[in-house]
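Here is the note you asked for, written point by point. Please read it with the model open.

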Amino acid sequence: MVLGALLHEPEKPAWFLPISGRLYFRKSQLPAGPDGIVAFRTKCELAVELLREQAGIIKGKHLAVLDGGYALESVVRPLILPEGSTPRGDFLARLRRDARLFALPLPPEERPEGKRGPKKLKWGQRLEPPRRGGRWKAKWQVGAAFVYGRQRTIRWKEIVCLWRVLGWEVPVKANVAYVEGYKKRFTLVTSAVELTGLQIVELFTARFRQEDGYRDMKQRLGWEECRAWTANPIERTSQAQWVTMSLLWLLQFRLEATGEVGWWLRPP
């Protein structure tokens with residue numbers, strides 16, 4: 001599993017620089033270590049560990065852009081509601097089309113007279129699922145953002161609500177968007193409610209540069225060609241290749257900044 005940084009480039013695709021990772025084994029393939037069989041940890045547990053480690057190293061806000069497979073309670077709750085002194089991190093992920101969403105609860109002074117129930121409500125009214133996000137009581141907005149390699153027109157609708165997976169303690173922003181060139185509607189969710197709908201779509205689609213990074217490490221640096229009998233060579237080889245990839249990108253940035261590109265061959 002690899003954690004990387006997405007570097008913003010105005011009017012250009014983002015850059016993906018690998019930072020750190022963890023070696024994952026299926027439960028049926030756990031190797032034997034010096035102290036016996038290695039303890040099994042799920043991909044979700046490893047992802048939380050990587051994100052917490054990064055948040056502890058670099059101060060300030062952190063936004064984890066996750067694949068929809070990690071939009072689970074075991075990932076988002078430890079990030080948003082950490083234990084002890086662990087810093088909080090926000091997330092942005094794909095939202096299931098049948099996700100259970102709820103309106104924010106009404107304060108006591110706005111509730112109908114005579115309505116029974118607890119003084120402090122945790123959940124508001126049940127909302128339409130994302131597959132019927134067009135029925136949300138919010139206005140459609142139109143704008144343009146750099147998505148998948150070029151500027152695209154985006155028509156979106158966003159609401160601040162509660163998400164059953166995360167719980168009632170933290171509001172999230174849910175987003176449904178039609179992106180130019182794509183038939184299927186984007187359904188996204190983030191705990192960074194200050195982001196606009198355009199920013200949410202642009203940040204999520206920047207995640208595809210991670211796949212480009214994997215491709216370059218495999219095809220250009222031979223990541224998948226490592227042959228080893230133990231875990232240490234795999235970890236050492238991966239670490240060396242991640243550092244090499246990051247240095248190559250940073251070298252390219254410096255060379256492009258000087259304007260002198262005649263003596264070196266820039267890769268596509």
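The points below take up a pair of helices and then a cavity.

1. This is a predicted model, in which local features need pLDDT of at least 70 and side-chain atom pairs count only at pLDDT 80 or more, while totals for chains, interfaces and linings use all residues. Residues are numbered from 1 along each chain as its sequence is written, and side-chain values use heavy atoms, with hydrogens and water left out.

2. The axes of helix H1 (residues 43-57) and helix H2 (residues 73-80) come within 9 Å and cross at roughly 20° (axes are lines fitted to C-alpha atoms, for helices over the stretch in contact, and angles run from 0 to 180 degrees between N-to-C directions; helices are DSSP runs of H or I with at least four residues, strands are E runs of at least two, and both are numbered from the N terminus). H1 and H2 are therefore roughly parallel to each other, a term for angles under 35 degrees.

3. In contact, meaning heavy atoms within 4.5 Å, Cys44, Val48, Leu51 and Arg52 of H1 meet Ser74, Val75, Pro78 and Leu79 of H2. The residues of this contact divide into six nonpolar, one polar and one charged (Ala, Val, Leu, Ile, Met, Phe, Trp, Tyr, Cys and Pro count as nonpolar, Asp, Glu, Lys and Arg as charged, and the others, Gly among them, as polar).

4. The structure holds one cavity of 30 Å³ or more, a cavity being a set of points, on a 1 Å grid over the protein atoms alone, where a 1.4 Å probe fits but cannot get out. Its lining, made of residues with an atom within 4 Å of a point, includes Trp15, Arg209 and Trp249, and H4 (208-219) gives the most, with four residues.

Note on methods:
Parallel < 35°, antiparallel > 145°, perpendicular 65-115°, else oblique. 1 Å grid on protein atoms, 1.4 Å probe; cavity = no way out; pocket = protein on both sides within 12 Å on 5 of 7 lines; lining within 4 Å. Points joined across faces, edges and corners; volume = space filled by probe spheres on them.
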